[in-house]
Amino acid sequence: MSEETVLTVIYKPNQHNTSAFHSTKTKKQRNMAKEDCFIGAIDQGTSSSRFIIYDDSAKPIGSHQVEFTQFYPQAGWVEHDPMEILESVKVCVAKAVDKATADGFNVDKNLKAIGLTNQRETTLVWSKSTGAPLYNAIVWMDARTTSICSRLEKQLSGGKGHFVESCGLPISSYFSAVKLLWLMENVEAVKEAIDKKDALFGTIDTWLIWQLTGGLKGGLHVTDVSNASRTMLMNLKTLDWDASTLEELGIPADILPKIVSNAEVIGNVAAGWPFTGVPIAGCLGDQHAAMLGQACSRGEAKSTYGTGAFILMNTGDEIVKSTHGLLTTVAFKLGKEAKTTYALEGSVAIAGAAVQWLRDSVGMISSSKEIEELASQVESAKGVYFVPAFNGLFAPYWREDARGVCIGITRFTTKAHIARAVLECIAFQVKDVLDSMHKDAGNVESNEFLLRVDGGATINNLLMQIQADLTGNAVIRPSDIETTARGAAFAAGLAVGVFKEDYIFDSKDKMKDAVVFHPIMTKEVRAKKVDSWGKAVVRSYDLADLTL
């Protein structure tokens, strides 16, 4: 990347980046300009939904975001109300259109397509005849299926890695298949609906597309290859549901959606929604969409910091099997006849959620943005290490028996040290994934390694500097950090001819005005901190059964 396209930053507290949710043109200039082509992107995340409208230069011209309720029925359980999610999307669409219209954009007339991106793995089953969810959606981080996973590992000949050859994923509470098994085994309404051929299974993309295209009146029951690749049920090579996996798990194929590519016209928006008749032309899981929004080509990686942290490296058309605790997954397939692009992924369960815990459960801060100022009051965590294994640890450890620990505390420790340790734990987990990624992808050609970052937590400059210091590599933050929605817009725009693939993967324009954080920590200090972090992680193991 040329030096002319980026801004190099050495960390200074409270020096924030502002995401570009508005056009830089004045209202008069907008009315004079010929801006008659828009793409909408539904971004349905773990804690909120949003709708962003982009012009044909991929610049956001209107957006709205709505948070929704998180349900925690028991320790380790996390649920969402599918109807509340649906309503949040409806509100976002209406409000975003109102805002863009007020700014002089004729969105109603000139919206060409809608793309969708969503929280992955979150699982629900609903009635084909009534359209009603048969249980709350079980969220991706929910750990209630631990016993099912243990049972499968004992029953199946391949143990935890029994399905890795077909789907690239280990048996884990993270993935949709075991969440579906829990619903089939524990929810009477789900059992009855399956027996009566009245059940539809889906992840959140499937639920929203079914509703958008008519619901009870002809709604389409589909998912895309990226979301399907996170269920543990799709064969990575055939891109279809794996018959042997379904048979071994006892999951009926007739409740599963049709799998489509990430960039094709899936169907049209039905009556009752704004934009009736507009094609839904793109669908990707959130991390895959961010990869596209970041223009990650073969050998390039991105890390998205949200509730969790998700690091993906593009491995091209090669299925790279991990031997270091990572997942092999589909990156994207940009059209029915397009080649499939694959990726290595490391998923961190708790990233921004650790900051939310400090705010909501501990009361150490009153808003998430306060953590940067608090942690900046000290130059280091002074030996304090925080391991946020609230529901176990994902990649590269895969320890469902782990629980959160905070160690190294002395009488000298203050809340500022703990706040800094919380930020460091996010960066340490990302580093662990990146280290595994480099080992697995040693044969994947890449340029000088630069970590592209996005997501809400990246506005925290201290976190980004810590990330650069602990990895020893530069960290690049684009001017618009909402790359997930942009990736969905790119996919939809590609399908209807608004965007070309060459433009989508031209990173020079997208990295204009990006901020680069360079490491300033010495190798010696880094090595000592990484060693201590590893010891802290081990101390979190085998704690899941302790009752305090």
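Here is a short chat about the sheet and the nonpolar cores of this predicted model.

User: Hi! What should I know before looking?
Analyst: This is a predicted model, where local features need pLDDT of at least 70, side-chain atom pairs count only at pLDDT 80 or more, and totals for chains, interfaces and linings use all residues. Residues are numbered from 1 along each chain as its sequence is written, and side-chain values use heavy atoms, leaving out hydrogens and water.

User: What order do the strands have in the open sheet of 6 strands?
Analyst: The order is 4-3-2-6-13-12, with mixed pairing. Strands here are DSSP runs of E, at least two residues, and helices are runs of H or I, at least four residues, numbered from the N terminus; two strands pair if DSSP finds at least two bridges between them.

User: And which strands stand at the edges?
Analyst: Strand 4 (60–67) and strand 12 (263–268), each with a single partner strand, so one side of each has no neighbour in the sheet.

User: How many bridges are there between strand 3 and strand 4?
Analyst: There are 7, and the two strands pair in the antiparallel sense. Within that pair, phenylalanine 51 is opposite histidine 64 in strand 4.

User: New topic: which residues have the most contacts inside the largest nonpolar core?
Analyst: Met232, Ile251 and Met437, in a core of 141 residues. A nonpolar core is a set of buried (under 20% relative accessible area, 1.4 Å probe, protein chains only) Ala, Val, Leu, Ile, Met, Phe, Trp, Tyr and Cys residues joined through side-chain atoms within 4.5 Å.

User: Which helix gives the most to this core?
Analyst: Helix 14 (residues 415–440), with 14 residues. Apart from this core lies another, of 39 residues, including Ile61 and Phe275.

Terms used. Buried < 20%, exposed > 50% of the residue type's maximum accessible area, 1.4 Å probe, protein only.
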